[in-house]
Amino acid sequence: MRSQAASYASQVDVAFWFIFIVSTILLTGITLFMIFCLYRYSKKRNPTPATFDGSIFLETLWTVIPTILVMIMFYLGYEGFLSMRQAPADSMIIKVYARMWNWRFEYPDGRKTDKLVVPLNKPVKLLMYSEDVIHSFYIPAFRNKEDVVPGRENFLWFKAIEEGTFDVLCAEYCGDLHSYMSTTIEVLKQEEYEAWEKGIVLEIKGEALKGKEIFHGKGACMACHSVDGSKILGPTLKGLWNSKTIVIQDGKEREVVANEDYIKEAILNPSKAITKGYENIPMNAYKGILDEKDIKALVEYIKYLGDNPK
Amino acid sequence: MKAFSPIEKHQDYTGAKMGLWIFLFGELLLFGAMFILYSVFRHWYPQDFHNASRSLNMITGTVHTLVLLTSSLTMVLSITAIQKGNKKLCLTFLFLTILLGLLFMVNKYFEWEHKIHNGIYPGSEFLLAQAKGVMVFFSLYYSMVGIHGLHVIIGIVLLSWIFWEVLKKPDHHSRWDAFLHKDFPGCHLAIVDAQGKEVWKGEVFDDSVKQIHLRVSYHPVKERIHFHDFISLENCGLYWHLVDMIWIFLFPLYYLIS
Amino acid sequence: MDVSVSYNQEKTAYPGIFGWIFSTDHKRIGVLYLLSIATFFIVGASIGVVMRLEMLTPGQTIVQPRTYNALFTVHGVIMIFLIVLPGVPSIFGNFFLPIQLGAKDVAFPKLNILSWWLYMTGALIAVAGLFVGGGAPDTGWTFYAPYTLKSATNIVMPLFGAFILGISSIITGLNFITTIHRMRCPGMTWNKMPLFAWGLYATAWIQVLANPIVGITLLLVIFEKVFDIGVFDPSKGGDPLLYQHLFWIYSHPAVYIMILPGMGIISEILPTFSKKNIFGYKAIAYSSMLIAIIGSFVWAHHMFTTGMSDIARIVFSFLTFLVAIPTGVKIFNWLATLYGGSIEVKTPLLYALVFIFQFCIGGFTGMILGTLSTDLHVHDTYYVVGHFHYTMFGGLGFALLGGLYYWFPKMFGKMYSEKHSRIALGTLFVGFNTLYFHMLIMGWLGMPRRYYDYLGYFQTLHVTSTIGSWILFVGIFYMMGNLIHAGLKGEKAQANPWGGTTLEWKISSPPPTENFEEIPEVVYGPYERKGGQE
Ligand code: HEA
Ligand code: HEA
Ligand code: CUA
Ligand SMILES: [Cu+2]
């Protein structure tokens, strides 16, 4: 997490440490001076107070020196800011859609994902749109964030210079599950990235496609379930199909196979059998919200997720 | 007999005026913020604003303006009247001002009633189907004109209150007993009338006078507003002028831009 | 009439409590404000402690997400609108401004009590809003559109409450401006006015000029929710960023409404206990005005990440740095006041020194926030939360407590225990820094604010911070106990227990109803110790 994973991150840190050090020196000086005065000029040691009460020289001194210091601070921030805002012309453009409470990404070739995968050392420019309220796309490891404002196109660019997986958080308060609105950025070497690019372009059609739409649309399942193996609020649905899971039913643990019936029950009536480890997070029941056809499509989609691991 | 110390009546005209001016300045900023909103949106949606403003009736707007301008005039006249000491005239003009204020509100009511009847109000199906700039235009129109209307109502309430205050007659029923216990060598007691003319004058005190017992029955003036002290009336008047002035800005922005 | 009867014993036209809540005496109004604000503080602070408990572990500790979101909103609203904004002007400004100016009351005593009534009405409407309709608001104290427009909770009532509080604040402001212009006693030129009055004067102007803007903004949000107009809602052609601009045009200057009178208190305490004239009187006085003026043009530093144009961000960042300079001038002049003094170490002085220390941390973290590149990283993280608790609580809060200790003998005519108040201060100091310094670290590491749940690696820091809140809790309890005990059982206070030089120390403790038998005349500067002013 402390890594400086974007090209400009070190510049941000330099500005930070400069201000930090100046502040520490000033604060220490101020504090020591106060303690010194309490000691040296206590009533006991200095019974008659001095009578001076002003000095143009000193006033000038402590106006000019801080002015110089803050101008340096401003300049460091300004310089870093320019690097953070000037995206190279050859940046790869990825669209980011934010909504309560998840992120979706759209690649130039039309692929859609719910986590961001980018190549190492290549500039990427994110064009960001919100569908409801204001969110903020925040990557602590890159030291950058930009709000995603409805009715507006904002951008954020970066060049990742370190391989690995980094957290993406929502930094603008957006309602109940604001703190769960997270995803990751995976930075891959160029070759790995290309492999990933090929791997994920899966044919998805028919009922499964409809299921996917419901998953991201009407059902809003993506708010709690990932399809890539990561854990958001609820368990991931990747690889769920026909796997064995442990559920708690009527207070007892039980192993079940995630077949069609089980999944239908899990959607319509989730509180009946609760997946182990999720006892405190209730999933809302979809009875009356989704109809038979929708459920069928969702099952197809989950089946598809199971059949096609990454 | 009860002993009294004369309690100084604190009257600071400049202070009272100053307080009101600061308040009016605040009011200006309140509308100022909305005028800024207006200009930003108009800058974004010039065409939509142009189109939307056409549905506002210029004649109604002009009538509004004339009514308010006249009311400002009557307000000034009523203050001039009290300065001259003519309370009756003052009250008449004040009454006219209030009447004109009410007329403005009635006129406004019919204008809005007509609009709402035609389905032009925030959140109406008709508006939701319009261009964004048109929606914003009417949002601003209703907010700004509405808040201005609220000010007119507050103004009317204030004027009615001050009307009541002006109406108050001097009070003849209380008595005042004074007991002074000080020596004023070289002074004399006197009674002066409202114009400052001496009505009665006592003898000069010399050193031998050590105590003065004075028993006066008089008619204290309970009326708060008279030709000598009309700061409250004046302040209400200033407020009224502000309300008028804001309308003078609203009128071209909404009714005259097309 | 016997002029020597103190204000709190005087027979009034109404019996009992009515003699207070209908009083137009500025001192009684000050005490009314003190009691109301202390009550709200206990509520707001308790909510803070509950929030810290929730943050003890990731995931659910004691409450649901929805509840947590309501908690920080209500905490923020209470703290900002009910406590720190009215705080010093309403309590100490009311009580001491007329006395320091040598006047018998403020310019408009009736408006003054009206402002307290409006304050209570606004506060009660806001608080009642938590229990009716959709329940407590969950938007954060900033009420950002369009989330606020979408939230189903009861937002209209708190907003309307805040609107009324704004009117109350405007009235206090214009009352103080007029009082300062018109009611200074003979001889008190502008340059002989106490620095506390200068702080209030700068603040009063911001109150009058900035409040109407937030007033209208809140009103427009209410209209959007109730009448469906669309000025901030993008789906109706409005713009959410305009909301933020209007909100911060007020709310940034508001932070100086909070801090300037607090700094005024510090400028009173230091010369009194150093037994020395204040160093650089004019610099301190005029820097208040400078802060007020520059501070009015930096609001968009709260919006560096909103997608505002890059030029605007650069300009606002530049202006933000300028505020540090007059603030620094104050700090250095205070230090120079200590230098060469004959210092008597008493609780109020210790509070002032703790204020300087903590406020500097608050200010320096403000520099990191004002720097463009670092703000993009720490905006809306716990770093900001740390910053504003350091400035508002560590700065203003401690200044207010320092003022309370400084003027307590004057206000209530009783002395408190020096020993116990020092222990309380020590506890507060340790608790405060444990609680909030760790927030700064978490923020820099990337912990966003208003987060119900968090990633596991922040837990150690969250736990430490929570422990700090318990220490703070003990400290505040101790402090309140100490003062309440003093108020009931304390020794009688002298007219001038500290050897202060301003006018409030020239009258008895507690002050008589009319303050001065005779309007005094001033010859020397407020802190000058010559000509028998000792
Ligand atoms: C009392 C309240 C108070 C005060 C006094 C301040 C003072 C300052 N604040 Fe703070 N601020 C808040 C209350 C306050 N703030 C609140 C409540 C928020 C958050 C609102 C929210 O989002 O909920 C906030 C948020 C906030 C932000 C937005 C952060 C974000 O959301 O991304 C910024 C950004 O620039 C900022 C900057 C500053 C600066 C530059 C000062 C300066 O005035 C500080 C100046 C002081 C010093 C610098 C120290 C003393 C000076 C010297 C010793 C001289 C030498 C110094 C140097 C050479 C550096 N503040
Ligand atoms: C001056 C203002 C002020 C003060 C004093 C405080 C005090 C405290 N605040 Fe603060 N806080 C804000 C203003 C303030 N706050 C604001 C504006 C926000 C932003 C809200 C938003 O995001 O919208 C915020 C947000 C905020 C957060 C961030 C929430 C989030 O983003 O998720 C947190 C988290 O821990 C917090 C904690 C605390 C704590 C633990 C205290 C404690 O220090 C309180 C300390 C006091 C006590 C411990 C004393 C209690 C004592 C008693 C009750 C007993 C006394 C009784 C008798 C004598 C009878 N506050
Ligand atoms: Cu999305 Cu917070
Ligand atoms: Cu600010």
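**Domains, metal sites and chain contacts**

Across the interface of domain 2 and domain 3 of chain A, the rule finds zero salt bridges, a salt bridge being a side-chain nitrogen of Lys or Arg within 4 Å of a carboxyl oxygen of Asp or Glu. Everything here comes from a predicted model, where local features need pLDDT of at least 70 and side-chain atom pairs count only at pLDDT 80 or more, while totals for chains, interfaces and linings use all residues. Residues are numbered from 1 along each chain as its sequence is written, chains are lettered from A and ligands numbered from 1 in the order in which they are written, and side-chain values use heavy atoms, with hydrogens and water left out.

Back to chain A, which splits into domain 1 (9-85), domain 2 (92-203) and domain 3 (206-305); the bounds come from an automatic or database domain assignment. The C-alpha centres of domain 2 and domain 3 of chain A sit 25 Å apart. Eleven residues of domain 2 of chain A are in contact with ten residues of domain 3 of chain A (contact means heavy atoms within 4.5 Å). Together these two domains of chain A bury about 910 Å², 55% of it on carbon and sulfur atoms; buried area is the accessible area (1.4 Å probe) that two parts lose on being put together, summed over both. A:Arg99, A:Asp114 and A:Tyr180 supply 42% of the area that domain 2 of chain A buries against domain 3 of chain A, more than any other three residues.

Chain C is where the metals come in. The iron atom of ligand 2 is held by C:His75 (NE2) and C:His389 (NE2), at 2.0 Å; donors are N, O and S atoms within 2.8 Å of the metal (3.2 Å for Na, K and Ca), and water is not among the atoms, so sites may look incomplete. C:His75 is in helix H3 (residues 65-84) of chain C and C:His389 in helix H14 (residues 382-412) of chain C, 314 residues apart; helices are DSSP runs (H or I, at least four residues), numbered from the N terminus. Both C:His75 and C:His389 are buried, that is, under 20% relative accessible area (1.4 Å probe, protein chains only).

The copper ion (ligand 4) has three histidine donors: C:His252 (ND1), C:His301 (NE2) and C:His302 (NE2), at 1.8 to 2.1 Å. Along the chain they follow the spacing H-x48-H-H. C:His252 lies in helix H9 (residues 240-274) of chain C, whereas C:His301 is in the loop between helix H10 (281-294) and helix H11 (310-338) of chain C, 49 residues away. C:His252 counts as buried because its relative accessibility is 4%, and C:His301 is buried too, at 14%. The copper ion (ligand 4) and the iron atom of ligand 1 are 4.5 Å apart.

As for the neighbours of chain C, 83 of its residues are in contact with 75 residues of chain A. This pair of chains buries about 7000 Å², 69% of it on carbon and sulfur atoms. Five salt bridges turn up across the interface of chain C and chain A; C:Arg313 and A:Glu146 meet in a salt bridge at 3.1 Å, N to O.

On the chain B side, 30 residues of chain B are in contact with 30 residues of chain C. Chain B and chain C bury about 2500 Å² between them, 78% of it on carbon and sulfur atoms. B:Met18, B:Ile22 and B:Leu37 supply 20% of what chain B buries against chain C, more than any other three residues. Between chain B and chain C the count is zero salt bridges.

Definitions and conventions. Helices (H or I, at least four residues) and strands (E, at least two) are DSSP runs, numbered from the N terminus. Buried means under 20% relative accessible area, exposed over 50%, partly exposed in between (1.4 Å probe, protein chains only).
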